[in-house]
Amino acid sequence: MRSPTVVVGGSVAGVRTVQALRARGYEEDIVLVDQEPGPPYDKPALSKEILTGAAAQPPALADLSGLAVDHRPGLAATGLDLAARRLVTGSGSIPFGRLVIATGSRPRRLPALDSWAGVHYLRTRADAASLRAEFTGRPRVVVVGGGFVGGEVASSARALGLDVTIVEAAPRLLARLMPPEVSDRVARLHRDHGVHVRCGRTVTGCRGRDRVEAVELDDGTRLDADVVVAGIGTTPATRWLTGSGLVLDDGVRCGPDLSAHGADGVWAIGDCARWFDVVRRRPVRMEHWTAAREQASFVAGVIVGDAPAAAFSTTGYVWSDQHGVRIQHVGRVDAATTTSSIPTGGGQLFLHHDGDELVGATAFDAPRDLLAFRRRLASAAAPLTERTRG
Ligand SMILES: Cc1cc2nc3c(=O)[nH]c(=O)nc-3n(C[C@H](O)[C@H](O)[C@H](O)COP(=O)(O)OP(=O)(O)OC[C@H]3O[C@@H](n4cnc5c(N)ncnc54)[C@H](O)[C@@H]3O)c2cc1C
């Protein structure tokens, strides 16, 4: 009997892999191992509807009952024996023929905040529930980190009328992801909605008796805070693979087709994967919902022998909802040398160019315009992913 295909991680990357395999007529056994208890759910709502109270639970990712998958919630993978082709878990090992690693990422911790009650990180349904419970007490909130998740937490807290300050170590918000023009637009959006924004400052410690009552900044400022939310980026959840023989380097290193270096029949996808991107011509790790879903579909195609191209590529689409504005982005901002802004019907669009070449776009409430640029960038990338086939 053939060993099953095992998928580790039951969030968007893992669940969409199972769905895509079955949709392509794959009939072999599939085991889905996930350390989260309960049915799979979608994460983007955690910083939005769950925090504001607009929804009590995040949306379900899928109804697994019709997919003939052996779902094992609440089970953590603890190791990988590539020679024996077995996944090691907290309760025995599971043989696999093929393995898809989709264990995502975990929040980066800030040592200055360690062991303080009232400090939160946001990644899971349980994290969101405990933060939401604190928000009902009308706390003063300090958000550490001005990326997408931090911005959404600030937006949700303001929607509840809370006093909110964002502290960002870089000179501007979204500095790692966006050019200055977009950062300025996002900072203005926050300020227009009453969020205090402090860039270029780091948190050095906390003050308080039983729990945090204030945070201290590197310029000596003290900000009163009943709740602190740290959103300072993520690290790939790959510690369980240490010593397995896979190459771990800010994610599981993979080739252009997402196959893991150092193993046959093993792929990594989603937030935990660092694959060689033939369009960007370097290894890339993305932490976006859509890229995880696209990678799941690509790997399912590879497994059934029906891959859409020799190399995976993505426009890197990401969205974020802040203060009632939908922010959407596609493309490669790191390649951009200029950014220009054009108004659209009711919204605003930023176009990012490398010389004459369009390399990305960012939209504020301009979904149709963004979609057009997304299609344009995808078709520009297609010949590169095909070429890798030869
Ligand atoms: C609060 C929040 C809001 C977001 N909002 C947006 C948004 O608006 N737009 C957007 O584009 N992206 C958003 N994202 C990012 C997006 O959700 C992620 O990119 C996406 O969830 C990545 O999916 P994944 O399946 O790779 O990993 P994850 O979602 O991290 O899932 C990994 C799964 O693997 C499991 N796992 C981990 N280790 C093990 C192990 N050892 N054994 C077994 N199971 C394990 C975990 O429990 C988890 O279920 C948001 C993320 C967060 C946290």
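Let's start with a contact between side chains: Glu134 and Arg211 meet in a salt bridge, with N and O 3.2 Å apart. This pair ties together distant parts of the chain, since Glu134 belongs to helix α3 while Arg211 sits in the loop between β13 (203–207) and β14 (214–217), 77 residues away. Arg211 counts as partly exposed, at 28% relative accessibility. Keep in mind throughout that this is a predicted model.

A search of the whole structure turns up 17 salt bridges, so let's look at a few others. Arg123 pairs with Asp271, and here the closest N and O atoms are 3.0 Å apart. Again, distant parts of the chain are linked: Arg123 is in the loop between β9 (119–121) and α3 (125–135), Asp271 is in the loop between β19 and β20 (273–277), and 148 residues separate the two. What about burial? The cut-off for buried is under 20% relative accessible area. Asp271 has 11%, so it is buried, while Arg123, with 21%, is partly exposed.

Now for the sheets. One of them is an open sheet of 5 strands, paired in parallel, and its order reads β3-β2-β1-β7-β19. At the edges you'll find β3 (69–73) and β19 (266–268), each of which pairs on one side only. From one strand to the next, the twist averages 15°. Zoom in on β1 (residues 5–8) and β7 (residues 98–101), and you'll see them pair in the parallel sense over 4 bridges. Within that pairing, Thr5 has Arg98 of β7 as its bridge partner. Helix α1 (residues 12–23) lies across β1, β2 (30–34), β3 and β7, and it runs at about 170° to β2.

Another open sheet has 3 strands in the order β4-β5-β6, and here the pairing is antiparallel. Its edge strands, β4 (77–81) and β6 (92–95), each pair on one side only. Neighbouring strands in this sheet are turned by 25° against each other on average, ignoring direction. β4 and β5 (residues 86–89) pair over 4 bridges in the antiparallel sense, and Leu80 stands opposite Leu87 in β5.

Which residues does Leu246 touch, once its neighbours within four places in sequence are set aside? Its contacts are Leu80, Leu82, Ile101, Leu241, Val252, Ala260, His261, Gly262, Ala263 and Val266.

Conventions. Residues are numbered from 1 along each chain as its sequence is written. This is a predicted model: local features need pLDDT of at least 70, side-chain atom pairs count only at pLDDT 80 or more; totals for chains, interfaces and linings use all residues. Side-chain values use heavy atoms; hydrogens and water are left out. Two strands pair if DSSP finds at least two bridges between them. Axes are lines fitted to C-alpha atoms, for helices over the stretch in contact, and angles run from 0 to 180 degrees between N-to-C directions. Contact means heavy atoms within 4.5 Å. A salt bridge is a side-chain nitrogen of Lys or Arg within 4 Å of a carboxyl oxygen of Asp or Glu. Buried means under 20% relative accessible area, exposed over 50%, partly exposed in between (1.4 Å probe, protein chains only).
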